[in-house]
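Entries follow in the order I made them.

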Amino acid sequence: MPAKKRALITGITGQDGSYLADLLLEKDYQVFGLVRRSSTSNYRRIEHLKDKITLIPGDLLDQMSLIQAVKEANPDEVYNLAAQSFVPTSWTSPLSTGEFTALGVTRMLETVRLIKPKAKFYQASSSEMFGNTPHTPQNEQTPFSPRSPYGVAKVYGHFITLNYRESYNLFAVSGICFNHESPRRGLEFVTRKISDGVVRIKLGLAKDLKLGNLDAKRDWGYAPDYCRAMYLMLQQPKPQDFVIGTGVAHSVKDFVKAAFDTVGLDWKKYVKIDKKFIRPAEVDHLVADASKAKKILKWKPEVSFEQLVKIMVEADLARIFKERK
Ligand code: NDP
Ligand code: GDR
């Protein structure tokens with residue numbers, strides 16, 4: 001029997017890391033996940049996988065821990081998903097965001113270069129790198145114009161990945177993913193904040209939902225679809241970068257309306273604007289041109305915006321209902 005393929009995922013406790021682990025296990029990989037210590041366990045997204053994966057302690061800030069992790073996992077594929085990923089936090093903690101989200105990528109690349117240069121490397125780049133670009137839709141050629149310390153850090157991570165590919169001939173690629181959501185999305189991101197808030201209002205547990213800018217537009221897709229694209233990128237004969245998104249943009253208001261409609265409530269009665277959630281600089285409108293991924297990876301999203309909203313609201317309904325019992 002051929003040996004199983006081995007994958008190391010950084011950020012395995014996050015939304016994407018958990019779905020990617022599900023996918024790679026389905027494909028019969030041996031999955032290793034880098035986990036950093038925190039005072040309380042943060043394994044809820046991978047609880048169902050704990051007997052099937054190997055967790056390795058480590059931190060993007062600690063080069064030695066990364067070296068140990070790559071030695072132990074001896075991976076064929078490395079997915080670098082770990083980052084400080086919440087845009088507002090990047091203004092309150094710009095330096096640590098730079099350490100995790102920018103320099104952390106170099107630490108992972110250096111580790112791979114030194115310990116396992118044949119491993120294929122995926123970097124989680126972001127549509128936030130496009131920021132306030134005047135070009136719509138955005139593809140692999142669109143110039144970057146980031147609007148937050150997070151966006152700036154991701155641009156660094158993107159270019160250092162490209163540079164390691166060109167300087168050292170590593171199979172290192174970036175997926176420029178647009179927003180992707182799911183019932184496993186962190187509660188601070190707008191879609192999950194809305195699906196959770198709507199359910200709380202419906203069940204009489206909250207009176208209103210406080211949000212920031214309702215006019216921003218994003219290209220929202222379903223996280224497992226994007227994890228499939230990450231996997232496909234590392235199965236290609238040559239390393240190259242891809243934009244991943246649905247090609248359809250909706251405003252935050254559209255998401256709000258669709259979510260309230262799902263439970264039969266009028267959003268205008270419940271949504272309040274709170275200045276606290278308005279950002280120092282906004283990214284107004286992002287929408288993907290993923291035609292390269294469609295052509296080369298044969299990738300397309302399976303879940304529509306309307307289905308996504310329904311999946312998220314219904315999952316929060318079921319969860320909160322269960323918690324209350
Ligand atoms: P999450 O915020 O859900 O997960 C982030 C992960 O990074 C967590 O597992 C977290 O661990 C880990 N992490 C953070 N700092 C460190 C560190 N210093 N050392 C080790 N691990 C660390 O993000 P997503 O799953 O949503 O996103 C995955 C990646 O994709 C991120 O890089 C994000 O920036 C990027 N991205 C996401 C998009 C999206 O729409 N979801 C779109 C484009 C890019 P812990 O549990 O300990 O906090
Ligand atoms: P984003 O996602 O910044 O695009 O980054 P987020 O869901 O935080 O914001 C999307 C848009 O919603 C507006 N908004 C609010 N946002 C939050 N979080 N909370 C609110 O109350 C609120 N009200 C309005 C925001 O202003 C913004 O315009 C996500 C992250 O996953 C990044 O890591 C990733 O790189 C990008 O998506 C692509």
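I started with the largest cavity, which holds about 30 Å³ of space. My rule works on a 1 Å grid over the protein atoms alone: a cavity is a set of points where a 1.4 Å probe fits but cannot get out, and lining residues have an atom within 4 Å of a point. Grid points are joined across faces, edges and corners, and a volume is the space filled by probe spheres set on the points. By this rule I count one cavity of 30 Å³ or more.

The model is predicted: local features need pLDDT of at least 70, side-chain atom pairs count only at pLDDT 80 or more, and totals for chains, interfaces and linings use all residues. Residues are numbered from 1 along each chain as its sequence is written, chains are lettered from A and ligands numbered from 1 in the order in which they are written, and side-chain values use heavy atoms, with hydrogens and water left out.

Next I listed the cavity lining. Val 87, Trp 91, Glu 128, Arg 147, Ser 148, Arg 218, Arg 279, Ala 281, Glu 282 and Val 283 line the largest cavity. I sorted them by class (Ala, Val, Leu, Ile, Met, Phe, Trp, Tyr, Cys and Pro nonpolar; Asp, Glu, Lys and Arg charged; the others, Gly among them, polar). That gave four nonpolar, one polar and five charged residues for this lining. Domain 1 (6-180 + 223-244) and domain 2 (186-218 + 248-287 + 304-324) both contribute to the lining, so the largest cavity lies between them. The domain bounds come from an automatic or database domain assignment.

Then I turned to ligand 2. I took a residue as near if one of its heavy atoms lies within 4 Å. The shell around ligand 2 has 22 residues, and Ser 85, Ser 126, Tyr 150, Arg 279 and Glu 282 are the closest. By class the shell holds nine nonpolar, six polar and seven charged residues. Both domains give residues to this shell, so ligand 2 lies between them.

I checked its polar contacts (pairs of N or O atoms within 3.5 Å). Oxygen atoms of ligand 2 lie 2.5 Å from a side-chain N or O atom of Tyr 150, 2.7 Å from a polar side-chain atom of Lys 193 and 2.6 Å from one of Glu 282. Alone, ligand 2 exposes 700 Å², of which the protein buries 95%. Areas are from the Shrake-Rupley method with a 1.4 Å probe.

Ligand 1 came next. Its shell has 24 residues, with Thr 13, Arg 36, Asn 42, Ser 85 and Tyr 150 nearest. They divide into nine nonpolar, 10 polar and five charged. Oxygen atoms of ligand 1 lie 3.0 Å from a polar backbone atom of Gly 14, 2.9 Å from a polar side-chain atom of Lys 154 and 2.8 Å from a polar backbone atom of His 180. Alone, ligand 1 exposes 900 Å², and the protein buries 90% of that. Helix H1 (15-26), strand S5 (120-126) and helix H5 (149-168) each give two or more residues to its shell. Which element gives the most to the shell around ligand 1? I found S5, with three residues. Helices (H or I, at least four residues) and strands (E, at least two) are DSSP runs, numbered from the N terminus.

Definitions and conventions
A polar contact is a pair of N or O atoms within 3.5 Å; within protein, one must be able to donate a hydrogen and the other to accept it, and residues adjacent in sequence count only if both atoms are side-chain atoms. On a 1 Å grid over the protein atoms alone, a cavity is a set of points where a 1.4 Å probe fits but cannot get out, and a pocket is an open set with protein on both sides within 12 Å along at least five of seven lines; lining residues have an atom within 4 Å of a point.
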